[in-house]
Every structure is written in structure tokens, then in C-alpha cells.
Amino acid sequence: MSQKRILIIEDDSSQREILSDYLVHHGFSVVTAMTGSEGIKQAQDKSPDLILLDYKLPDADGLEVLTELKERLPLTPVIIITAFGSVDKAVNAMRAGAFYYLTKPVHLEELLLLIERALKKARLEQEVASLRRQVSGWPDFLPKEIIAQSSAMKELLNLARKVAETEATVLLLGESGTGKEVLAELIHRLSPRRDKPLVRINCAAIPGGLLESELFGHEKGAFTGATKAKQGLFEAADHGTIFLDEIGDLPLELQAKLLRVLQNGTFTRVGSVKEIKVDVRVIAATNRNLEEMVKEEKFREDLFWRLNVFSLNIPSLRQRREDIGPLADFFCSRFAQKYNKKIKGFTRKALEALLTYDFPGNVRELENIVERAVILTESDYITLEDLPPYLHKSKGSNPAQDFFDLPLMEAVEKLEKMRIAQAMQEAEGIKTKAAKLLGISERVLRYKLAKYGLE
Ligand SMILES: Nc1ncnc2c1ncn2[C@@H]1O[C@H](COP(=O)(O)OP(=O)(O)OP(=O)(O)O)[C@@H](O)[C@H]1O
Ligand SMILES: [Mg+2]
């Protein structure tokens, strides 16, 4: 087994030295920090396997440091060292995720036993979690290739199942890559129409002129190039389901035609006056804000209400972090199979980096990251080095680092933007308050918010 690294956060230098010497003597590698903030920084930079935290530090409250450590390194055990007599605090610390506590003066053999127990438990926990993720966590109606561990997703899927049984039009909303198409397919598969076709079309991918004929078909000679009559997708989907992806990109002229299909199931082919009647269930999806589009008159309000009968909002991946681990495992085994590699999983550091990353591209981004890592890795486990460089530092690590590569004006602007965003958050969006925090006038703040697109 490789050498384990322990971080000691302790302000008292003689205490720090005693602990450090003892642990090095017992085969550990040791990093030390004298203050809470330095400890947090070291924890991030050095990714220790275990942390010893003195609960009484000059610059910070032990509980706060602990909470911060647990947020950034959720899987790393922390042992608290507290003054004799502050057992209450120690109990609080355990509630906040500490592995255990020791009171001063520290008995070194006791400490060593505790460290070994903590490391063993951390290892087991990791294995158990990974096994559990493989065998359970799915509501029983779910196909294996849909992962949902978070309660938010489970709730959403239960709603999806209920609406699947009905004929209701469904509107799927969510950021790009959250799984809208996956959900549309699931709804079709759970619906009474499951044996009939599911026809998909991406309204954004087809030029406006062709879209009408694609959706509704055309008669021979309807336009130049229409040498034969052609059935549209609505006809192809008769008795089944049609999935209208990126519905926000449907041109206004076609919105009226779609509204009519939704209202009475009828439409005409391009170049024809004959009404065709179909029985089609519609599922639509978009990552756009349709309500805003209605206000801007880019989306018909009546169509919006027709579509919005039953809408499902898929949360972003950062709003359901419990799903990151199970999804990562799932993609890992899928790609390991695809690329014919034997991979057991992720190292703790790699997993921690994934668990704390924000995933602007949601599940699709995670999928791509894991595929790349499976291709790159040369060992049984995916390591931090197999993940893209922007994941190597978890969030909150020295942001100043990013500035060093920029030209001066850009660096200054970036810093200004970050500071303003932070103040706005602190002020809960109230501009007068944020302006005060920043020591600038509200007028200047408004100007800068507009300049940086922070409105
Ligand atoms: N819960 C899930 N379990 C397993 N894989 C998922 C899950 N959600 C999404 N994926 C996978 O993530 C990728 C993105 O999903 P999908 O295409 O459904 O997202 P989307 O919301 O339609 O994205 P976009 O808005 O970019 O079209 C797909 O490869 C899909 O298989
Ligand atoms: Mg999609």
C-alpha cells in the first residue's frame, strides 16, 4: 500500500512537532499547517488521506474549519484534537462529520490506533458506496441505464412515471445536458404507447423552411424540389409519441400549426388543403426560458399554455450532487467495457474532484470526462491526473492563480467581476446594499452590472 499522507492543523509548534515526528516514524508522510485557513489550503493542495485538526486555532472556529474541510474533501476522515473538558464541542464536531476526537494531552498510541481505524473505515466506506451504487438506488420501474440516486431525481422520475400513463402533453425543462432526451424516452417507454413509434425531431437543427415539411409532410410539387409527396413526422408518429426537442426554436409561423395539432389533432401537408387527423402524444423540451420568450413575443402565449400543462424541471447536476458518484461509476463501467479495459473505479482524489466540480455541461459533461479518463488511464483506477486539468484544483482554491496568465486589464476586469458578483450575492440581489458593500455608488454599480452581464 502506498504511503498515506496526514495533514496536521495545529497552532502549537511543540505539539505539532511531537505529532509530526511520531507519525513520520510510523511510516506516514506528514504535512502541517498552523492556522485554519492555511490548513484548508493545504488540504486542497495536498489532498491528504486523513486530517488531524486542533479544534482551538487562533484564526478560526474549529467547527467552521471542519465544515469547510468536509465540504471540499467529503471523503477524507478528520480527527479532532480538543482541550480536555470540551467534550460537548467534540460531539458537535462528530455531528458535523468528524471521524472521532481525542482530548489533550494526546496519547500517541491511541492516536495511531485511531488513525488506522479511520483509514480502514474510509476505505471500506468507499468500497461499500461503490457496491451499493452498483446494485441499488433505482426505483424499480427504471431501466438500468438511467441513474437516479438523489431524492430530487427520484421524485422527478416518479412524476414522470405518473404522467407517462396519461395522454397529457409534457414539457421538459432543464439546462443543456441534464437528461431531457433520456426522460422523454423514458416517458414513452412507460406509456401505453410503448409499442408504437417514438419519433424525435430537433427543431433547432432543421432550417425553418424545411421544418414544416419535415413535421407535416408535403404534396408533390408543393415547392421546388418536391418531386414526390412525402409523409411528415406527425403522420409517422400516429398512435405513438413525437418528441419535439428544442421547442423554443420553433419558428412563429409553425407555432400556430403546432397549436392546432395539439388542440384537435389535425393539420395539413404543405401544398395541400386536405385535413389529416392523427393521434399523437407530444413531448417537448427546451433549455430556453419560454416565459421570457413569450414576453418578448418570440413564443406564442397560447402554445406555451398548451405545452405547459405538465412540465418537468430537471435539476442541474450541481443541484443533485448525490448523483455524481453513481453516474461516474455507471459511465466508468460502460466505457471500460467499450474500450476493453479493466477499471475498478476512481481513486479518492479523483472522486473528490468530481464531487466538488460544478459541471456547467451537466451529465453530458461528466460522461465526456469519464470517457476521456477511461481512455487515458493506465492503472486499475482512474486517478486525478486522468481528469482534465481544470478539475485538478477544487473550487475555492487560490483564485489568484488564474489571473497570472492574463494581460493586466483582463485580470483586473475579471477580479472586478468576481467581487461584484460576490457582493450581489451577499446583498441578496439588493443593489443599494451591494453598492454599500463595495463602497461605490448605486449608479456605478448599475453600469458595471450591465457591463459584465451580471443583471
Ligand atoms: N440519469 C441519467 N442516467 C444516465 N445517463 C444519463 C442520465 N441523464 C443524462 N444521461 C446521459 O447524458 C447525456 C445527455 O443527456 P440528454 O441528451 O438527454 O440531455 P439533454 O438535456 O437533452 O441535453 P441538450 O439540452 O444538450 O440536448 C446523454 O448521453 C445521456 O445518455
Ligand atoms: Mg437534448
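1. A polar contact is taken here as a pair of N or O atoms within 3.5 Å. In this predicted model, the Glu367 side chain has an N or O atom 2.6 Å from an oxygen atom of ligand 1, which is within that limit.

2. From the side chain of Ser176, an N or O atom is 2.8 Å from an oxygen atom of ligand 1. With Thr178 the backbone is involved: one of its N or O atoms lies 3.3 Å from a ligand oxygen atom. The protein buries 86% of the 630 Å² that ligand 1 exposes when taken alone.

3. There are 17 residues around ligand 1, and those that come nearest are Ser176, Gly177, Lys180, Arg364 and Glu367. By class, the shell has six nonpolar, five polar and six charged residues.

4. Five strands make up an open sheet with parallel pairing, in the order S7-S8-S11-S6-S12. From one strand to the next, the twist averages 20°.

5. Within this sheet, strand S8 (residues 241-245) pairs with strand S11 (residues 281-286) in the parallel sense, over four bridges. Thr241 has Arg281 of S11 as its bridge partner. In general, strands of a sheet pair through backbone hydrogen bonds.

Note on methods. Residues numbered from 1 in each chain as written. Chains lettered and ligands numbered in written order. Predicted model: local features only at pLDDT ≥ 70, side-chain atom pairs only at ≥ 80, totals over all residues. Heavy atoms only, no water. Near = heavy atom within 4 Å. Polar contact = N/O pair within 3.5 Å; in protein donor to acceptor, adjacent residues only side chain to side chain. Areas by Shrake-Rupley, 256 points an atom, 1.4 Å probe, with all protein chains shown as cover. Nonpolar A, V, L, I, M, F, W, Y, C, P; charged D, E, K, R; others polar. Pairing = 2+ DSSP bridges. Helix = DSSP H or I, 4+ residues; strand = E, 2+ residues; numbered from the N terminus. Axes fitted to C-alpha atoms, helices over the stretch in contact; angles between N-to-C directions.
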